[in-house]
Amino acid sequence: METSGNRQNAKFQRKTLTVEEARDALTRRVRLLPSERVGLLEAVGRRLAEPVKTSEPLPHFRRSGMDGFAVRFADVADASPRRPVELEVVERLPAGQEPIRPIAAGTAARIMTGGIVPDGADAVIMFEMAEEIERAGRTFVRIRKPIAQGANITPIGEEAAADTPVLEAGVVIGAGQAAILAALGCARVEVFRKPIVTVVSTGTELLRVEEPLQPGKIRNSNAYMLAAQIAAAGGQPRLAGSIPDDSALAERTIGELLHSDADLIVTTGGVSVGDYDRMADFFLKWKGTTLFTKIAMRPGSPTSAGVWGDKFLIGLSGNPSACFVGFELFVRPVLAGMQGGKAEAGRTFTAVLAADYMKANGYTRYVRGRWYSRNGIHYVEPVGPDKSSAMLSLKEADCLIVIPPTKTGVAAGEVVEAILLGDIAFA
């Protein structure tokens with residue numbers, strides 16, 4: 001028979017997994033969510049659920065790349081300041097207007113950027129390189145320099161032929177993807193449903209955001225931090241408030257959430273070995289499958305996770321920085337995988353450590369940092385105090401610096417790995 005003493009001992013005798021082992025335990029259980037068809041504007045920020053091909057060439061007509069005159073190369077090939085060429089302007093073509101007349105020998109068309117290049121023309125000469133003149137009620141263009149054949153004309157299908165794959169399933173629809181979809185006439189787009197992620201905090205010390213401070217109490221900031229991270233990862237956050245340090249209430253609340261329509265439940269706090277760490281107790285006795293309760297990492301080593309049916313339960317540390325790191329390393333990959341993306345943490349890159357990091361570590365440490373480039377070399381440096389309880393430096397961090405286990409620390413100038421946070425431009 002299990003006793004509270006046995007459970008307490010189990011808290012201290014947890015099997016330790018590496019970060020990679022823990023992440024794999026989660027991601028190999030990820031299942032794709034169903035898709036839905038939504039308007040293009042609503043699809044921005046979502047992940048495509050099906051590949052997209054061109055239905056026609058892109059562009060589908062010969063397009064002028066300049067404001068100028070559509071001409072025949074043969075007419076202007078020998079143009080020079082001493083022997084200028086004069087061509088009669090037979091048509092004016094704004095963008096969107098279909099030409100009426102082909103360009104025959106000795107003629108030209110005044111054309112605007114994006115206009116349809118008329119048949120017969122095989123070059124567009126810029127206004128700056130030509131002189132328009134009026135004579136006897138007719139318009140001519142005088143050209144004093146030759147131009148290359150095909151100059152300033154975008155040919156049909158230059159970017160893509162018909163039936164060319166242009167977007168893969170799982171890609172996030174950003175500005176460029178939205179432009180492509182709009183150009184292809186995709187007014188409605190098949191995207192994966194947003195994962196519903198319920199966030200519940202634990203701890204008698206937690207206050208609602210609007211409550212005044214009290215001795216020994218703190219406002220529930222982790223919930224809003226996680227909500228922002230969830231939204232940025234394509235999820236739909238739901239805040240379920242906080243649970244005091246009451247085992248029966250915690251068990252009942254989490255049980256109800258497991259029966260809800262949430263795809264993933266994220267808790268913050270209560271996963272360590274303290275007397276009142278109720279999530280640690282929960283993972284020892286629930287009827288779901290516990291995947292891990294300890295990871296060889298700092299901060300956030302007591303990060304825990306399990307599955308109940310097809311629903312994930314991930315318990316993050318209550319310390320803000322540990323909670324933040326735990327989300328990036330474990331929750332974000334799960335959300336990406338549910339939406340057809342790669343079930344992995346952010347992009348990893350190598351960089352030179354710009355400042356000494358002399359703290360000894362038995363576990364791999366994920367240090368909040370910022371990165372920059374100088375003379376083509378990437379550098380990273382820690383930001384703020386390296387404490388799991390630190391919060392203010394989170395706003396400055398754009399990467400996690402990976403410090404391997406070390407007894408001596410890592411000196412400035414050494415090469416380290418780092419993980420990009422969020423959707424940050426990187427070159």
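Predicted model: local features only at pLDDT ≥ 70, side-chain atom pairs only at ≥ 80, totals over all residues.
Salt bridges were searched for across the whole structure, and 24 were found. One of them joins the side chains of Glu 36 and Arg 46, with an N to O distance of 2.5 Å. Glu 36 is located in strand β1 (residues 35–39) and Arg 46 in the loop between α3 (40–43) and β2 (52–53), so the pair ties together parts that lie ten residues apart in sequence. Glu 36 is partly exposed at 32% relative accessibility, whereas Arg 46 is buried at 4%.

A further salt bridge is formed by Arg 144 and Glu 131, whose closest N and O atoms are 3.6 Å apart. Arg 144 lies in the loop between β9 (138–143) and β10 (153–154), and Glu 131 lies in strand β8 (residues 130–135); parts 13 residues apart in sequence are therefore tied together. Relative accessible areas of 34% for Arg 144 and 33% for Glu 131 place each residue in the partly exposed class.

The side chains of Asp 386 and Lys 359 also meet in a salt bridge (3.4 Å, N to O). This pair links distant parts of the chain, 27 residues apart: Asp 386 is in the loop between β24 (377–382) and β25 (399–403), and Lys 359 in the loop between β22 (348–353) and β23 (364–374). Asp 386 is buried, with a relative accessible area of 16%, while Lys 359 is partly exposed at 34%. Elsewhere, salt bridges with shared partners connect Glu 86, Glu 131, Arg 135, Arg 142 and Arg 144 in one network.

Conventions: Residues numbered from 1 in each chain as written. Heavy atoms only, no water. Salt bridge = Lys/Arg side-chain N within 4 Å of Asp/Glu carboxyl O. Helix = DSSP H or I, 4+ residues; strand = E, 2+ residues; numbered from the N terminus. Buried < 20%, exposed > 50% of the residue type's maximum accessible area, 1.4 Å probe, protein only.
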